[in-house]
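Keep the structure open beside them while you read.

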Amino acid sequence: MVVKMSVLKTNFSGVDFSKYSPKVSEFVEELSSRANKQGHFLNWVNLPAEQLKRIDELYTMAESFKSQTGASKLSVMGIGGSKHTVEHMLSINGLNICRDKIGFYSDVDSISFERFLANLNNDVTSSNYMIASKSGSTFETKDGFLRVWQMLTEAYKSQGLTDAEAKKSAAKHFIAVTDANSEKSELRRTSNEQGWIGNLYIHDDVGGRFSAFDDHALFALIYAGMKKEDMISMLNAAQEVSKLALLKDLEENDALKEGIFWSDAKLKGIAASVHQYMGAVFENTVYWHAQMQNESVKDTLKQVAKVPDAMHHSAEAHFNPANKLVFALTVPVDNGVCSENAKAYIGALTKSYETTGALFVEEVETSKLGLAPAAAGAMTQLRAFATVYQEIVTALMSGKQLPEVLDSVLQPHVEFYKKNLKGGVVVPGRIS
């Protein structure tokens with residue numbers, strides 16, 4: 001028997017769910033009929049359960065990686081979902097608070113590269129590097145990786161090693177997260193040829209923004225010190241959300257209710273919407289959620305922001321009667337020294353937003369520095385389902401036929417700029 005998640009509580013107002021009730025079975029069947037089937041990019045539905053089988057392997061790999069170089073820091077080199085999911089997962093789990101365990105590089109300009117090196121005290125041997133790219137030839141990622149690879153080799157040669165010895169030492173600093181098939185991934189071929197440690201994968205049919213439980217995120221969490229029991233709790237909770245999200249009982253299915261909430265606004269002609277996250281724990285969640293919004297819903301009118309930072313300069317627009325908006329507010333359950341004022345602030349926002357438009361308030365359980373692991377897993381998986389349900393609900397309520405593969409899991413338009421990067425020069429070769 002599936003029970004409602006206790007680590008996450010959502011209250012809705014301003015939406016009449018009864019008018020959607022007759023189609024609940026149709027909504028759920030549409031998603032479940034596609035889930036985990038090849039070519040539908042919905043393999044993230046059961047990914048948490050699959051990853052539970054690999055926990056011991058991943059922890060052993062992380063320990064071996066640290067020990068073979070002595071580097072306690074991991075630099076993540078990747079863009080989009082290869083970066084934002086990792087940042088999000090670290091932050092909500094209360095890890096890497098001082099940014100001393102995990103660093104990131106996802107830029108292509110000289111100043112950013114110099115700043116990245118400065119964070120390593122200009123010693124590239126002080127860090128290990130996780131290179132994340134499904135194809136292995138992502139322009140931005142490959143640029144940074146090849147520069148660091150060259151610098152590592154030179155650093156070891158300056159210590160008196162031969163060229164062959166230096167390259168062997170440099171190789172110990174890298175781990176690849178990419179397609180398992182070396183015929184599809186240039187990075188996998190490099191990893192195999194250079195003898196890089198381990199096998200980390202970007203699983204088939206799991207898009208970057210849906211990959212918060214894929215290898216790059218879990219490996220970074222482990223490297224940053226996440227306890228194994230917390231990892232298991234997080235993955236179990238995420239898989240529990242997958243069960244709940246495929247129930248035909250709307251009272252138990254908050255993922256569908258959130259999808260209906262956002263769809264209802266669109267169907268009413270409300271173009272703009274707001275999802276605000278309260279507190280430093282969600283500092284990086286807003287970037288990941290914005291990516292989810294832009295790539296899946298393909299709508300730039302949604303505001304995703306952290307409060308209180310964004311509250312005062314947003315309020316003038318939010319509470320202007322001329323602007324029609326719907327709102328969501330995600331807040332951590334506060335049991336600490338600031339709880340009285342935090343609750344007063346949340347109460348003020350809730351009352352104000354309820355007066356202005358439809359609203360849901362999502363409360364998530366916390367630990368001292370982040371969310372409770374189960375809450376982190378549940379909230380993250382809930383976002384993925386709600387995003388896809390928004391497309392399904394909007395189409396079926398409008399009498400429109402859904403495409404063979406859902407638009408919300410694809411991103412064909414990104415190729416528009418990528419095609420103009422063909423032939424771009426990267427050190428020491430060229431983009432393929």
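1. Start with Arg383: leaving aside residues up to four places away in sequence, Arg383 touches Glu258, His275, Tyr277, Trp288, His289, Thr330 and Glu362 (contact means heavy atoms within 4.5 Å). Arg383 sits in helix 15. Its relative accessibility is 3%, so Arg383 counts as buried (buried is under 20% relative accessible area, exposed over 50%, partly exposed in between, with a 1.4 Å probe and protein chains only).

2. A word on what you're looking at: this is a predicted model, where local features need pLDDT of at least 70, side-chain atom pairs count only at pLDDT 80 or more, and totals for chains, interfaces and linings use all residues. Residues are numbered from 1 along each chain as its sequence is written, and side-chain values use heavy atoms, with hydrogens and water left out.

3. Helices here are DSSP runs of H or I with at least four residues, strands are runs of E with at least two, and both are numbered from the N terminus. What covers those buried residues?

4. Helix 12 has the length you'd hope for: at 1.5 Å a residue, its 13 residues (285-297) should span 18 Å, and the end C-alpha atoms are 17 Å apart, which agrees. The expected span is 1.5 Å times one less than the number of residues. Just after helix 12 comes Lys298, with a positive phi of about 60°.

5. Now helix 4. Twelve of its twelve residues are buried, including Lys83, His84, Glu87 and His88. Its twelve residues should span 16 Å at 1.5 Å a residue, and its end C-alpha atoms are 16 Å apart, so the two agree. Gly94 follows helix 4 and also has a positive phi, near 70°.

6. Zooming out, the protein has 16 helices and ten strands. The radius of gyration is 22 Å, close to the 22 Å that the globule rule gives for 432 residues, so the protein is as compact as a globular protein of that length. That radius is taken over C-alpha atoms, and the rule is 2.2 Å times the number of residues to the power 0.38.

7. Of the 432 residues, 54% count as buried. Among contacts between residues at least 6 apart in sequence, 78% join residues at least 24 apart. The C-alpha trace spans about 70 × 50 × 45 Å along its principal axes.
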